[in-house]
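Dear colleague,

Please find below the structure that I am handing over to you, with its sequence. My notes on what was found in it follow.

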Amino acid sequence: MDDWIEILATPLDAAAAIASVTHPAAGGVDVFLGTTRAERRGDGVELLALDYEAYAEMAVQQLRAIVADARTRWPVTRACVLHRVGRVAVTEPSVIIAIACPHRAESFEACRFVIDELKRVATIWKREAWADGGASWVDPRR
Amino acid sequence: MRITLRLFAVLRDAAGEADGQQVELADGSRVADLLSMLPMRWPALAAHLPRVMPAVNREYSSRDRVLADGDELALIPPVSGG
């Protein structure tokens, strides 16, 4: 069974992600959810949601390469990387990463590596949707 | 030669165009040559180009890369996934 690595336009299912990596050889499954955090702009206007966009053809390739890279560093039994495109409201997950390894130390480290690399290179962008109708692309330098 | 230009996020908004433009280029053109041409067609892109990373056929590329007929060139603004 291949690792489940996908960019979806529908809400992400953490239980399904976990089920996809569950394996008899794994003693530890680490799961990370990146969720939209509430924010208030300087003028008091609140964040409604983040709107995600992706260059999906390249991003999926990149995510597969990141998982392959993780496998050269840790014994990853199974990996699942799911990222949403479209609107992700406050508290909802935009990304789910589930990593199964024989032991817990490896699963923590590999999971952290995958999300850190995804955030560093994956061709995915988010735009803030504010309660007053304003929208602004997130600048990662800020 | 003809390449497909992909614009995303802030670049697409700045250009006001749909993703996936066909662009005609002289044979032997490099990525940098196309970047220097873009503001003539889409002036609002100029401010963003210094922070763009080119990707040719879905791999990050240098600005010196020579393009070939049928290539897909995506201009990648600073990413913010996750």
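Which kind of contact do the side chains of R6(B) and E72(B) make when they meet? In this predicted model, the two side chains form a salt bridge, with N and O 3.3 Å apart. The pair connects distant parts of the chain, for R6(B) belongs to strand β1 (residues 2–7) of chain B and E72(B) to strand β5 of chain B, 66 residues away. Both R6(B) and E72(B) are buried. Elsewhere, R41(A), D43(A) and D132(A) are joined into one network by salt bridges that share partners.

**The interface between the chains**

Chain A contributes 26 residues to the contact and chain B contributes 20 residues. About 1,900 Å² is buried between chain B and chain A, and carbon and sulfur atoms account for 52% of that area. On the chain B side, R58(B), S80(B) and G82(B) provide 33% of the area that chain B buries against chain A, which is more than any other three residues.

Three salt bridges are counted between chain B and chain A. A salt bridge also links the side chains of D139(A) and R51(B), with an N to O distance of 3.0 Å. Three elements of chain B, namely α1 (9–15), β4 (59–60) and β5 (72–76), each supply at least two residues of the side that touches chain A. The most comes from α1(B), with four residues. Sorted by class, the side of chain B that touches chain A holds ten nonpolar, three polar and seven charged residues.

E53(A) sits in strand β3 (residues 47–54) of chain A. Its relative accessibility is 13%, so E53(A) counts as buried.

**Helix α3 of chain A**

Helix α3 of chain A covers residues 104–121, which makes 18 residues. From its first C-alpha to its last the helix reaches 26 Å, close to the 26 Å expected at 1.5 Å a residue. Its buried residues include E106(A), A110(A), F113(A), I115(A) and L118(A). The buried residues of α3(A) pack against β2 (28–35), α2 (56–73), β4 (78–84) and β6 (93–101) of chain A, and also against β4 of chain B.

R120(A) is exposed, with a relative accessible area of 55%, whereas E117(A) is buried, at 16%.

**A further salt bridge in chain A**

The search of the whole structure gives 19 salt bridges over all chains. One more to look at joins E92(A) and R84(A), whose closest N and O atoms are 3.1 Å apart. E92(A) is partly exposed, with a relative accessible area of 31%, while R84(A) is buried, with 7%.

**Two residues with positive phi**

Most residues other than glycine have a negative phi. T91(A) is not a glycine, yet its phi is positive, at about 80 degrees. This residue is in the loop between β5 (86–89) and β6 of chain A. T91(A) has 62% relative accessibility and therefore counts as exposed.

N57(B) likewise is not a glycine and has a positive phi, of about 50 degrees. N57(B) is located in the loop between β3 (53–56) and β4 of chain B. With a relative accessibility of 36%, N57(B) counts as partly exposed.

With kind regards

Notes. Residues are numbered from 1 along each chain as its sequence is written. Chains are lettered from A and ligands numbered from 1 in the order in which they are written. This is a predicted model: local features need pLDDT of at least 70, side-chain atom pairs count only at pLDDT 80 or more; totals for chains, interfaces and linings use all residues. Side-chain values use heavy atoms; hydrogens and water are left out. Contact means heavy atoms within 4.5 Å. Buried area is the accessible area (1.4 Å probe) that two parts lose on being put together, summed over both. A salt bridge is a side-chain nitrogen of Lys or Arg within 4 Å of a carboxyl oxygen of Asp or Glu. Ala, Val, Leu, Ile, Met, Phe, Trp, Tyr, Cys and Pro count as nonpolar, Asp, Glu, Lys and Arg as charged, and the others, Gly among them, as polar. The expected span of a helix is 1.5 Å times one less than its number of residues. Buried means under 20% relative accessible area, exposed over 50%, partly exposed in between (1.4 Å probe, protein chains only).
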